[in-house]
Amino acid sequence: MKKVKNAVYLLFAVFVCLIGIAYGLSFKLPIKTAYAAGSAANNMNVVFVLDGSGSMYTTDKEKLRFEALELFLGLSTESGNYMGAVVFDDGIILKREIVPIQGRAAKNELSQEVKDAASNGDTDIGSAILTAVRMLKESGNPDLPSAMILLSDGNTDLPKDKSGKKLEESEHRKAAAIDYAREKEINIHSVCLNANGKARLEELLEISDATGGTCVEVKRAQDLKDVFNQFYNIIYSTKTTNLVDTKIPASGELKVPFSIPVIGVKEANIIINTLNADTSYSLFSPKGYGYTRAELDDMAIRAKTFTVIKIEHPQPGDWELVVRGARRDQVKIDMVYNTDLSMLLEAAETQSEGQKASWELSAQVWNEGAAVSDAEVYQKYPFWITVTDKASGETEKLDMSADAESSLGQYETEGYGKYKVQAFCEIDGIRVKSNAVTLQKTNTAPVWTQDPVVVDKKIHLFSASLLKLDLNAYASDAEDGDSGLHFQIVDSAFAQDDVYLEDDAELNIKIKKCGNGELTVAATDEAGAVTQVQVQIHTASITGYLLLAAVLLVLLAALIVLFPVLRSYATVVRGTVQVLTYGEEGTDPPVTFDGDKGRMVLSRYVHPSQDVGLLLEKCYINAGEKKDCIYFVSAEGVYSDQGGGQKKKKVCVRAGMEVNISSDMDFANGIRISYMPY
């Protein structure tokens, strides 16, 4: 019957959403961000990651960590949760895959498997949490949020790893697990059992802080149960209410009254902490119904130090628990609700003027998949919203006011920033959180002044190779003008290096390379609205018309450059040249020859019998501008007694003078040249 009822609610919700969408499209009403209230408000994917290394046999001799696990399982709802476990030392001892936990038998089976996983190894935390996040990824319910509870009495410790390779691998696995947990919003809550003072809290604290979890250090194993109770409250957004913490009176009977709220309680968990196994209980409903011992046994989960009595779908009103035991026995009784409350938050923009916009916020409570329309709920209990600026991270809290079937609030935004808004309420100690909606002022998209934008360019050899276009001159925005636009190339027929954006708004076109084609450019304003435009590029070359002129200019330039060379070949040496070679073996007879036209290569006239340090085939005699001098030319450069100690490629030999020329500054060998004009 319940499944049929839930199916009807689901079909009704879908029908309402479709009508709302059609209505909004037809009449262009303000857009509302909505949240479909689910029926799994108290369901999660949870993996328990428990240290099974040898040190746990001394820090938790009585194995109270299993009591803590059993308390967590006992508090969880009888159906809808997905749970698994990892027990580790320097390896993975137990990998208990994530499965649906339905009823007490499934909880006991999970608990027993963890208890039976024995070990005596070292500690590899990185491998353990990476295994757990992979389990959540592969076998967790994708429609449920996920969390991990990590318990260890030490830190990553691999003393057998002499090379350090395994420790390095463990650190890499830990980093990978943290990255994935961040990405999937998996909170890792950790317990540092520091009973012997050797645990390193920093490692567990780092893991929890990095993933948005909570880390608690405890000195005694007896406190593990309280920490797991605390984690249950955090993970399932509930809280533990202490009903009594006292001794059983002389009468041997302790009466403990408690109340169940009018809505929202799917299960009430009564936690009775006592060390006396002979303690007995009676339970009476608001209508005076007394549960039998057999009924209580079916409702109870018993461990060494506590008993959880789970009341499913409890009747609202005043209940009474009677505890019977030995006089002056210490008894502590707590209560934890499992709720099926959720809240739907909607937002509508009611007014927009300039940079400011006003918003109306409406929050409605849902109980077990049905909207709560009781006005008393919204009048009696506090409702508030938190608004977070997504850019700065700053958050403010605003109270909401009661309406007939919801709670209302107002908020005003400025600019086109995005604001995350969530609603909260507290009903008899049960805190309910809504979906998150994003507020952003209504905005129109940018407009292009030309569509398409045409670039028509004639190019030639002397054209600039880069053409720059300021895209702000082609696009504008009604709200922000052209001051806040961001541009992006979304599609292009050109190579990435030929047409590209620089400084966000400047389109650079290598006009000589790109040729003809199109690209698509998107303009985005501050609010994220986008408009695209086609940019067409057409080029035409006029190089052919300039080719003849260019060739003529090149020929003219060549003549100018080559004129001195040509002249050197045409000029006549008018006189007699005498060349004498000398070296370490003495001086050769001089060689005399008359002048000739052009460059006179010395190797044609002089055949030295010893090495003078000069390549004569690369040495020349050239006529001077006047007939009273000639020039000795060497491509390699030489020293001369006319050069002032500087190496030169051209040495002047004047009429009637002898000039010594050598490849070294000491003039140990070389040639001596004289010239006598006619």
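**Ser 237 and other local features of a predicted model**

Guide: At a relative accessibility of 47%, Ser 237 counts as partly exposed; this class lies between buried (under 20% relative accessible area) and exposed (over 50%), with a 1.4 Å probe and protein chains only. The model is predicted, so that local features need pLDDT of at least 70 and side-chain atom pairs count only at pLDDT 80 or more, while totals for chains, interfaces and linings use all residues. Residues are numbered from 1 along each chain as its sequence is written, and side-chain values use heavy atoms, with hydrogens and water left out.

Visitor: In which loop does Ser 237 lie?

Guide: Phi of Ser 237 is near 50 degrees, a positive value in a residue other than glycine. Most residues other than glycine have a negative phi. Helices (H or I, at least four residues) and strands (E, at least two) are DSSP runs, numbered from the N terminus. On that numbering, Ser 237 belongs to the loop between H8 and strand E7 (240-247).

Visitor: Where is Arg 328 found, and is it buried or exposed?

Guide: Arg 328 has a positive phi of about 70 degrees although it is not a glycine. The residue is found in the loop between E13 and strand E14 (330-339). With a relative accessibility of 51%, Arg 328 counts as exposed.

Visitor: What is the omega of the cis peptide bond that joins Asp 451 and Pro 452?

Guide: Most peptide bonds are trans. Pro 452 lies in the loop between strand E24 (447-448) and strand E25 (453-459). The cis bond joining Asp 451 to Pro 452 has an omega of about 5 degrees.

Visitor: Which residues lie closest to the centre of the largest pocket?

Guide: A pocket is an open set of points, on a 1 Å grid over the protein atoms alone, where a 1.4 Å probe fits, with protein on both sides within 12 Å along at least five of seven lines; lining residues have an atom within 4 Å of a point. The largest pocket has a volume of about 1400 Å³, a volume being the space filled by probe spheres set on the points, which are joined across faces, edges and corners. Of its 45 lining residues, the closest to the centre are Met 44, Pro 145, Ile 235, Ser 237 and Lys 433.

Visitor: Which element supplies the largest share of the lining of the largest pocket?

Guide: The lining divides into 19 nonpolar, 18 polar and eight charged residues; Ala, Val, Leu, Ile, Met, Phe, Trp, Tyr, Cys and Pro count as nonpolar, Asp, Glu, Lys and Arg as charged, and the others, Gly among them, as polar. Elements that each supply at least two residues include helix H5 (125-139), helix H8 (224-235) and strand E23 (430-439). The largest share, six residues, comes from E23.

Visitor: What is the bridge partner of Ser 280 in E13?

Guide: Three strands form an open antiparallel sheet in the order E8-E13-E10, where two strands pair if DSSP finds at least two bridges between them. The edge strands, each pairing on one side only, are E8 (253-260) and E10 (280-284). Five bridges join E10 to E13 (residues 317-324). In E13, the partner of Ser 280 is Arg 324.

Visitor: How many residues apart in sequence are the parts tied together by Lys 468 and Glu 502?

Guide: The side chains of Lys 468 and Glu 502 meet in a salt bridge at 3.6 Å, N to O; the term means a side-chain nitrogen of Lys or Arg within 4 Å of a carboxyl oxygen of Asp or Glu. Lys 468 is partly exposed at 42%, and Glu 502 is partly exposed at 32%. Because Lys 468 lies in strand E26 (residues 466-470) and Glu 502 in strand E29 (residues 499-502), the pair ties together parts whose separation in sequence is 34 residues.

Visitor: Which residue forms a salt bridge with Asp 498?

Guide: Asp 498 is buried, at 11% relative accessible area, and lies in the loop between strand E28 (486-492) and E29. Its partner lies in helix H11 (residues 511-514), 15 residues apart, and counts as exposed at 57%. With the closest N and O atoms 3.5 Å apart, the partner is Lys 513.

Visitor: By about what are Glu 169 and Arg 173 separated in helix H6?

Guide: Glu 169 and Arg 173 form a salt bridge, the closest N and O atoms being 3.8 Å apart. Glu 169 is partly exposed at 31%, and Arg 173 is partly exposed at 31%. Because they are four residues apart in helix H6 (residues 165-183), their separation is about one helical turn.

Visitor: How many salt bridges does the structure hold?

Guide: Glu 171, Lys 174, Arg 200 and Glu 203 are linked in a network of salt bridges. The number held by the structure is 22.
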